[in-house]
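Here's a quick briefing to read alongside the sequence and the coordinates. Have a look at the model, then go through the notes below.

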Number of protein chains: 2
Amino acid sequence: MASRTATALVHPDRADLEFTTVLAALSDPVRLAIVARLADVWPDGELACTTFALPVSKSTQSGHFKVLREAGVIRQRDEGTRRLNSLRRDDLDARFPGLLDIAVPQGRAILASW
Amino acid sequence: MASRTATALVHPDRADLEFTTVLAALSDPVRLAIVARLADVWPDGELACTTFALPVSKSTQSGHFKVLREAGVIRQRDEGTRRLNSLRRDDLDARFPGLLDIAVPQGRAILASW
C-alpha cells in the first residue's frame, strides 16, 4: 500500500507467546487458512498479503494478519510496497509442540472447501 | 440454583464439532483451567459447577461453562439443584487427536499459578 507508514511492526518474543492468545488467533477459519498457506511455504517462503485470495475484504484481511502477528503466529516485514508474511513455526513448535501439526491440516481443509 | 428451569441442555454431536469453535472455547485461561480440572477426573468423574473455585463471579463462571458446552468440550447435566460437568474427551480425541494433550497441561499451569 502506498499509504503505508514506516511504523515498526511489533512481534512478541518467543518467551512471551501465550497459549490462549495463540489459540484465539487460530480460532478463525480465515486465519487458519492463512496459517496453512504459510505452513506450505515454510521455512524459506514468504507470501505477500496480496497473494492470499481470501473471501473477505482487504481491510478485514489486514486485521486478520495483524491478529496473527500480535499473537506471535506469523512474522511480517515490509519490502517496498509489499508486506511479506512468514510462519513462526520454529517459535510455535518450541513453545507449544504439536499445535501446528493439528491446526495446519484443519486450515488446509478450509482452503479446500473454498 | 433453585431458579434453574428444566430447559434441555443442548450439546453438539461429535460429527458437528468445529475446530475453530473448540479453539475459541479453549482460548481463555478460566475455561482452560476448567478443562484441566475435568481432565483430571475423566473418564468417570463429574464436577458440580459449585466445586470450581474460580477467580471470577458466579455469572461469569456460568457463561464459561456454557461456552464450553456449546462448543462440545464438556457435557453438562442437572441433578437436583446441581449442574454436573464432565469432559467430552472421547469426542475431542476422536475429532481432533492430540489437542487435549496440548491444552490440558496449559490449563494445569494456569491452575497452579492461581
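**The loop prolines**

Pro43(B) sits in the loop between α2 and β1 (47–48) of chain B; helices (H or I, at least four residues) and strands (E, at least two) are DSSP runs, numbered from the N terminus. This is a predicted model, where local features need pLDDT of at least 70, side-chain atom pairs count only at pLDDT 80 or more, and totals for chains, interfaces and linings use all residues. Residues are numbered from 1 along each chain as its sequence is written, chains are lettered from A in the order in which they are written, and side-chain values use heavy atoms, with hydrogens and water left out.

- The bond from Trp42(B) to Pro43(B) is a cis peptide, with omega about 10°.
- Over in chain A, Pro43(A) is in the loop between α2 and β1 (47–48), and the Trp42(A) to Pro43(A) peptide bond is cis, with omega near 10°.

**How the copies relate**

**Around Leu99(A)**

- Setting aside neighbours within four places in sequence, Leu99(A) is in contact (heavy atoms within 4.5 Å) with Phe19(A), Val22(A), Leu23(A), Leu26(A), Leu99(B) and Ile102(B).
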